[in-house]
Amino acid sequence: MADPIYRAPKGTHDVLWPESARRRALVAVFADIVEAAGYTEVVPPMFEHVEVFRRLGDATDVVRKEMYEFEDRGGRHIALRPEQTASIVRSFGEHRPTLPWKAWYAGPNFRYERAQKGRFRQFDQVGIEALGPEDPHLDAEAIATAWRFYESLGLQQVTLLINSLGGPEDRANYIAALHGHFASDLGSLSEESRSTLATNPLRVLDSNRPEDADLIAAAPDMLDHLSADAAAHFDQVQAALTGLEIPFTIQPRLVRGLDYYVRTTFEFTSGAFDAAQNAIGGGGRYDGLAEAMGAPATPGVGFALGVDRTLMACDAEGAFEATSSTVDVFVVDTTGGEAALLITDELRRAGISADRAWDGRSMKSQMRAADRSGAAIAVIVGDDEAESGTASLRDLRGDAGQDTVQRSSITETLLARLK
Ligand code: AMP
């Protein structure tokens, strides 16, 4: 085949059937689980005033380096959303729903990333945000909800990592301690990490560069910098997870990309694929974000799960396979096509899925199309049937053969046979 003139832009891809059906089914599983836990859907716009995302913090990579920003024709400074927490919290401030507000969402995000396997410039997430309570059990509920979702998909190799970043003061103290630690041996740090250190010392902990490994291993521990309050909150989150029998690993180096997190942070990784992109979801508390958006100060906790990567984990584990849905009935009409037009419409209105052949092809060609469609039964209207006001029904899957019914009783007969 000749090369196409146009391809999807770098970092994006088309999702064709049956993968598209699988994706929709995954979102449906998620919706069922979160709605059963009292979360209601919010559909925010895919773009916002750029300031909404700037509120996530200047040190946040996705804001600083990866946003798709533009000026619209009205001179507004707009950004495609790189994530949805900011939009949900902006929406919270705008509508002031009663508390607690438990919202869920699904849809695409846009980040100008270095495109590679599992890292795209447009990718889907499903997520929840719960605003109002500070209760550590809400953190545990959020984590458990994601965990139950992965379980429902049949994933067995998911690991939960948790950490606490403490309150804003603890976090600031820790950042100062980290800065001191790394600055004391600047020469041993990679050039990239030296520049990260200037903007966001926490993110140096995320570096995978071998030359940084020793200094990172010797870095101070966040958990030693927790206030009594934050430590008690974190203990209660852990106790709740233990009570729910959800296994977790404390990962004191877990800082995560968005710099608005305080207290609990968590991440889910998949053991089913190696790669640097093994994070399939994550979240945490962002108690200061609502206030930063100009809303009344309101604590919040939530998570976002990467749909693309979760499906990759399903592929690797052989879980949540695509089901190949096909139509029930295929209509073959060699008498001009009007019979096919009317019969398919009648069947579909009765709830029977039906497809047909086109362009008035020969009987042989239409029967081939019927076989390819995967339908269970073919409805055939040829000259004989047209003359006698009948249709032939042919079993395409078994060996029940063919019989003839009156045109007026096609739907009724098929409804009975397809039960
Ligand atoms: P984040 O919003 O950065 O906390 O990411 C939450 C989850 O979204 C990650 O664990 C990934 O599964 C997924 N994710 C984030 N960025 C990308 C990307 N560029 N491509 C695909 N998935 C992503």
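Is E141 buried, exposed or partly exposed? The tour returns to that residue after a look at the whole chain.

This is a predicted model, in which local features need pLDDT of at least 70 and side-chain atom pairs count only at pLDDT 80 or more, while totals for chains, interfaces and linings use all residues. Residues are numbered from 1 along each chain as its sequence is written, and side-chain values use heavy atoms, with hydrogens and water left out.

**The whole chain**

Along the principal axes, the C-alpha atoms fill a box of roughly 90 × 50 × 45 Å. Of the 419 residues, 49% count as buried, where buried means under 20% relative accessible area, exposed over 50%, and partly exposed in between (1.4 Å probe, protein chains only).

**The ligand and its shell**

Next, select the ligand together with its surroundings, which amount to 14 residues, the closest being R111, E113, F120, Q125 and R256; a residue is counted here if one of its heavy atoms lies within 4 Å of the molecule. By class, this shell has five nonpolar, four polar and five charged residues, with Ala, Val, Leu, Ile, Met, Phe, Trp, Tyr, Cys and Pro counted as nonpolar, Asp, Glu, Lys and Arg as charged, and the others, Gly among them, as polar.

A nitrogen atom of the ligand lies 2.9 Å from a polar backbone atom of F120. An oxygen atom of the ligand is 3.0 Å from a polar backbone atom of A279, and an oxygen atom of the ligand is 3.3 Å from a polar backbone atom of I280. Taken alone the ligand exposes 480 Å², of which the protein buries 92%, the areas coming from the Shrake-Rupley method with a 1.4 Å probe; for residues, only the protein chains shown count as cover.

Colouring by element then shows that β6 (122-131), β10 (279-285) and β11 (300-306) each give two or more residues to the shell, and that β10 gives the most, with three residues.

**Salt bridges**

A search of the whole structure finds 21 salt bridges, each a side-chain nitrogen of Lys or Arg within 4 Å of a carboxyl oxygen of Asp or Glu. Select R23 and D124, whose side chains meet in one of them at 3.0 Å, N to O. This pair links distant parts of the chain, with R23 in helix α1 (residues 19-35) and D124 in strand β6, 101 residues apart; R23 is buried, at a relative accessible area of 12%.

Moving to E141 and K102, one finds their side chains meeting in a salt bridge at 2.9 Å, N to O. Here too distant parts of the chain are linked, E141 belonging to helix α5 (residues 136-153) and K102 to strand β5 (residues 101-110), 39 residues apart. As for the opening question, E141 is partly exposed, with a relative accessible area of 28%, whereas K102, at 18% relative accessibility, counts as buried.

**Backbone geometry**

Keep R263 selected: this residue lies in strand β9 (residues 262-270), counts as buried at 12% relative accessibility, and has a phi near 50°, a positive value in a residue other than glycine. Most residues other than glycine have a negative phi, and most peptide bonds are trans. A further positive phi, near 60°, belongs to E245, found in the loop between α10 (228-243) and β8 (249-250) and exposed, with a relative accessible area of 68%.

Finish with two cis peptide bonds. The bond from W17 to P18 is cis, with omega near 10°, and P18 is found in the segment before α1. The bond from L99 to P100 is also cis, with omega near -10°, and P100 lies in the loop between α4 (85-95) and β5.

Methods: Polar contact = N/O pair within 3.5 Å; in protein donor to acceptor, adjacent residues only side chain to side chain. Helix = DSSP H or I, 4+ residues; strand = E, 2+ residues; numbered from the N terminus.
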